Amino acid sequence: MSARSTTRGFQPLRDLPTVLWLVLLVLVVLAHRDLPAPRWLMLHVLLLGAATHAILVWSQYFSFALLRTKQTGSDRLRQTWRLALSNAGAAIVVIGVPLGIWPLTAAGASLLIIAVAWHGASLVARLRGALAGRFGRTVRFYVAAAAFLIVGAGLGTWLAAGATGADSGRLMLSHALINLLGWVGLTVAGTLVTLWPTMLRTRADEHAGPSAARALPVLALAAAVAAIGAALGAAGVLAVGLFGYAAGLGLIAVGMARAARATPPRSFAAGSAGMAVLWGVGSLLVLATSALASWSTGAGFAAVQDAVDAVVPFVAAGLVVQVLTGALSYLVPVVLGGGPTPVRTGTRALDRGAALRIATANAALVVCALPVSSLMRVVASVLYLIAAGSFLPLLVIAMRAQRRAKRAQGSVGAPGAAAAPSGARPDAGSEAGPATQRRRGPIAPEGERPPGQRAGQAVAGLLAVVLAVVIAAAVQPQDLGLTAASPGAASAAVPAAPASAPVQTVAVVAADMRFTPSRIDVPAGTRLVIELTNADAELEHDLVLDTGVRSPRLAPGEHATIDLGIVTADIEAWCSVIGHRQMGMTLAIVAVGAEDAPHHDRAAGATGTDASEAGADAVYDPSAEPAHDFRARSAELPPLPAANGPVTHRATLTVTEQVIEVAPGVRQNLWTFGGTAPGPTLHGRVGDRFEITLVNDGTIGHSIDFHAGALAPDEPMRTIRPGEQLTYTFTAERAGIWMYHCATMPMSAHIANGMIGAVVIEPDGLPPVDRSYLLVQSELYLGPQGGEVDVEQLSTGLPDIVAFNGYARQYEHAPLPARVGERVRVWVLDAGVARPTSFHVVGGQFDTTWAEGAYLLDARDGGDGGSQALALQPAQGGFVELEFPEAGSYPFLSHVSIDADRGAQGIFGVTE
């Protein structure tokens, strides 16, 4: 067979869809926060789209080469139809499932099943009509893989119809294993038997062919056993299947290791494929070990499902993406052909920065696999996306460079430099014959680089990831334990239970500020295992028990298994996220039959308000003086931008957690917009447009609600998780001093812990004044020193501190300046949570008052009326204007006098 018989240059339907699916994957990753079912979508765009198309193309390509049969025009036409059906089916499925349109999903899955069944049948027919040589038997891997996908796609279609109940989760796991171990795993294993030594430019191990033949039935049977074990919820059966699959891979890995020892990987193709194998095998062993542990301890099948949820993204990013880009980096130049020089040109372009890209991608994946913060994981994910996504522009560059090289030597349509993927040199008995001789040794651009240069690139990639992690740790030092840890951050040890003790497993769902069930009756002396699921759409939850045991903080959709050990007395449990316990997230565990068993004492550090019970109490002393370096927050209203018409204001508000002094010697761990509480003030006119980006660099979910805009709250005011961001856009259509705040439940706790700010939209025709100040009144319910809001006291509505602009009496220590005869405008916003205000200036009279969008008194009307106070309820605002008649100190305060005593007062220092 000549090289030309299987290589016909660039064919759009064969070569483009994989690249288009990968481009779509990048777009989905970038926009996943705004898409329905983003995790499902990312996995299926990769596996059902890009990987499936590549498998259909290249398994046909390898089958012709390895079976020494010639591809005819009718073969190519049938292949085109199969690819059209599979891509259309995949596209319909990835539209139908997120939208919940089952008929559409079923139609797409049917097209896909038809295409893959047709594909498998064509391989069977080719096997029967050809004399399988040394490596020809690896084509059977592709036939078995096709059978698995047909079953997996059918099961997935049935699940998409809305299968519910206890079995649905197990069937979903079975569906995933059928596709990953069967369709993807068998294809990758069979392909690497021949492609791996070819990419290394070395001879294939002489035992590789027979080992692969022995491995196939082991792998296929093990994949089936694992899928059945998952469907039945039998962790022991699942473990047998997974370890059996690992044993089958071991038969193939021996030959791969020998080839790599003879010629270490130097190209991007070989290095990427090698790392993919490591991620695949590592993920498989993690799942197998988890299944074995779950079976041996009786912890319940939910632990296995948790492990699969955690591992699948690494299978996708570590195995599938890397093996796909690695294989295409070798095969695309080969298929484009044109002779040794053009192929070398294309390969060299795809090998640019090989060591740097591989090191960065894999180091970033390792960081994501570690128990790091959301911010670190986001940073590492971005680095991975850059490193892995660089394949796409390099592919375009390589194809253009190779075409130019072909035109330059006048070799359009010339044979490729490496047509048959035998992986063996002719002197090793290769059955590729002359084709392999033509292939031998023309391409090694990365191998031609000095070893030091490759090592330097790898080190640079590692350092880039380390530097990013260090920066993330500097932004949030608590993520590396560099600040005082919250009490109870680690679960208390669970005493080992006797093997004979009965086990009771209970599924608990956290949603809508409730645990369901909220009471668990368990016979005394029984070992209790709770399988906790966070079914909320936005909020994180956990479960803390008064024994000291606690779950990790769970994001929406995540699971955790909590082993309480032997229950001998009643136990109280709750969610420790600030305010959730007070809103009803409690769980009672009742030891039935316990004889006068005392209730468990609360374990040290297991708190109902997270960090709010740590450390000494914070106490406000109104007579205390601030430190000598105290600087009051500026109360001057930021100036309006110069403009002749509406303008667009753009700002980024980053949520951070910072310990801030709120009164002399009193520090609280506040949640802030932009590092201050209240957050930055926005100032505009009616008609202005505001584009505000909210970035959550905190440790729990947060949101933002702008009263200055009128729009449906569903999307812009949604809670975003740590590491996420959203853009909130609104047009100011009405004048006022408007509050903005976090609206995540419990909203009162988020507001009281600092998440407030003001938007001043000036009414048309507002005359200029000499000085313009802004005072935001807010309340503090002090937790411990350096801690967070005391939600128990918050529920009483009796604050410890009432402050203007976040610090008690700060403008007594740093009076606001004014001059005699100057016109002063004071904007006032009552941000609450609960206290009204009656803003008053001692010794002053207001000739203008404006509240909630309307003048109550306007000096321009020429009347002789005056006002002594501006009364506002929480979330209301307005302004007053006055002129000071003589020099002196003019106190200002809330005339709700108890709140003035709590800190809501200051001084205007008026001079001549």
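The legends below describe close-up views of a predicted model.

The model is predicted, and local features need pLDDT of at least 70, side-chain atom pairs count only at pLDDT 80 or more, and totals for chains, interfaces and linings use all residues. Residues are numbered from 1 along each chain as its sequence is written, and side-chain values use heavy atoms, with hydrogens and water left out.

**View 1. V320 lies in helix α10.**
Helix α10 spans residues 302-336, where helices (H or I, at least four residues) and strands (E, at least two) are DSSP runs, numbered from the N terminus. V320 counts as buried because its relative accessibility is 3%, buried meaning under 20% relative accessible area, exposed over 50% and partly exposed in between (1.4 Å probe, protein chains only). When residues up to four places away in sequence are not counted, V320 touches L46, L47, A51, V184 and V315, a contact being heavy atoms within 4.5 Å. V277, which is 43 residues from V320 in sequence, is 9.3 Å from V320 in space, C-alpha to C-alpha.

**View 2. Four strands form an open sheet in the order β2-β1-β4-β6, with mixed pairing.**
Strands β2 (514-516) and β6 (559-567) stand at the edges, and because each has a single partner strand, one side of each is left without a neighbour in the sheet. From one strand to the next the twist averages 25 degrees, with axes as lines fitted to C-alpha atoms (for helices over the stretch in contact) and angles running from 0 to 180 degrees between N-to-C directions. Strand β1 (residues 503-511) pairs with strand β4 (residues 526-534) in the parallel sense over 8 bridges, two strands being paired if DSSP finds at least two bridges between them. V509 has T533 in β4 as its bridge partner.

**View 3. Strand β20 (residues 823-830) is largely enclosed by the rest of the structure, because 8 of its 8 residues are buried.**
R823, R825, W827 and L829 point one way from β20, whereas V824, V826, V828 and D830 point the other way, and all are buried. Strand β17 (residues 771-780) runs parallel to β20 and is joined to it by 7 bridges, and L774 has W827 in β20 as its bridge partner. Strand β25 (residues 876-883) pairs with β20 in the antiparallel sense over 8 bridges, and the bridge partner of V826 in β25 is V880.

**View 4. Two cysteines, C368 and C742, are buried.**
C368 has a relative accessibility of 10%, while the relative accessible area of C742 is 0%. The structure holds 0 disulfides, a disulfide being a pair of cysteine sulfur atoms within 2.5 Å.
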